[in-house]
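Dear colleague,

I am handing over the structure below, and my notes on what was found in it follow directly after.

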Amino acid sequence: MLRAVAIQLGGTEYDTILSWPYADQYVAKLLHVDIPRRIKFGDCQVWVYYNPDKQMVGFGVLDINDCYSDYTLSKPHPYIVLLAINPTIKSFGYGTSIVDHLIGAATVLAANPLRCCDRLFLDVYVDNDRGIDLYMRCGFVPVECEPIPDPLEAGKQYLVMSRSVAVEPTRAP
Ligand SMILES: CC(C)(COP(=O)(O)OP(=O)(O)OC[C@H]1O[C@@H](n2cnc3c(N)ncnc32)[C@H](O)[C@@H]1OP(=O)(O)O)[C@@H](O)C(=O)NCCC(=O)NCCS
């Protein structure tokens with residue numbers, strides 16, 4: 001349904017997603033500061049997504065880090081930093097397609113156990129019902145802890161969610 005294109009910092013695609021009028025300020029903040037830092041100094045990839053009409057409809061960001069290594073026996077793990085749909089368009093399930101693609105990309109990364117483990121994590125604000133519904137439909141469950149106050153966004157709390165991206169062993173016929 002969507003075509004994923006991996007992009008670099010400084011290109012026209014990154015400028016395009018920076019220009020979208022997001023309802024929540026934190027999306028632009030992450031795109032301006034946090035994500036460029038992860039790309040430069042970490043192991044982070046951004047994709048943009050095109051619909052069949054060749055319209056750029058959203059983006060997704062996947063990182064490998066050790067934020068939640070307390071849950072992974074100290075191993076690095078894949079982590080969805082952010083995804084968003086172009087706020088000026090009508091979605092036709094694009095969020096679901098993007099999460100599915102990020103799960104697939106994390107599965108490929110986790111197939112190399114030297115790179116990261118096979119548990120994919122994300123954070124989502126507790127007031128983001130749409131985001132939480134989307135992630136639960138895609139197989140994520142909250143990890144066992146209370147919502148965490150975000151030190152960078154006064155008054156906001158987020159949930160940590162995770163799901164397996166282990167490759168099912170193929171059975172001999
Ligand atoms: C959270 C977010 C990514 C959800 O994206 P989304 O594309 O709306 O999510 P879904 O895949 O569930 O799609 C739902 C919409 O597509 C429609 N849809 C789903 N499948 C469809 C299909 N096969 N055909 C037509 N429409 C379909 C649904 O009816 C719904 O439409 P609505 O907007 O009129 O209610 C988006 O709201 C967003 O960008 N939010 C801001 C950033 C954010 O919160 N990111 C997540 C936390 S990091």
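The radius of gyration, taken over C-alpha atoms, is 16 Å, which agrees with the value near 16 Å that a compact globule of 173 residues would have, the globule rule being 2.2 Å times the number of residues to the power 0.38. Along its principal axes the C-alpha trace spans about 45 × 45 × 30 Å.

Please note that this is a predicted model, in which local features need pLDDT of at least 70 and side-chain atom pairs count only at pLDDT 80 or more, while totals for chains, interfaces and linings use all residues. Residues are numbered from 1 along each chain as its sequence is written.

The protein has four helices and eight strands (DSSP runs, H or I of at least four residues for helices and E of at least two for strands, numbered from the N terminus), and along the sequence they follow the pattern β-α-α-β-β-β-α-β-α-β-β-β.

Strand E8 (residues 157-164) pairs antiparallel with strand E5 (residues 119-125) over seven bridges, where two strands count as paired if DSSP finds at least two bridges between them; leucine 120 stands opposite arginine 163 of E8. Strand E6 (residues 141-142) is also antiparallel to E8, joined by two bridges, with proline 142 partnering methionine 161. Two bridges likewise join strand E7 (residues 148-149) to E8 in the antiparallel sense, and there isoleucine 148 has tyrosine 158 as its bridge partner.

Finally, of the contacts (C-beta atoms, placed from the backbone, within 7 Å) between residues at least 6 apart in sequence, 60% join residues at least 24 apart.

Best regards

Conventions:
Two residues are in contact if their C-beta atoms, placed from the backbone, lie within 7 Å.
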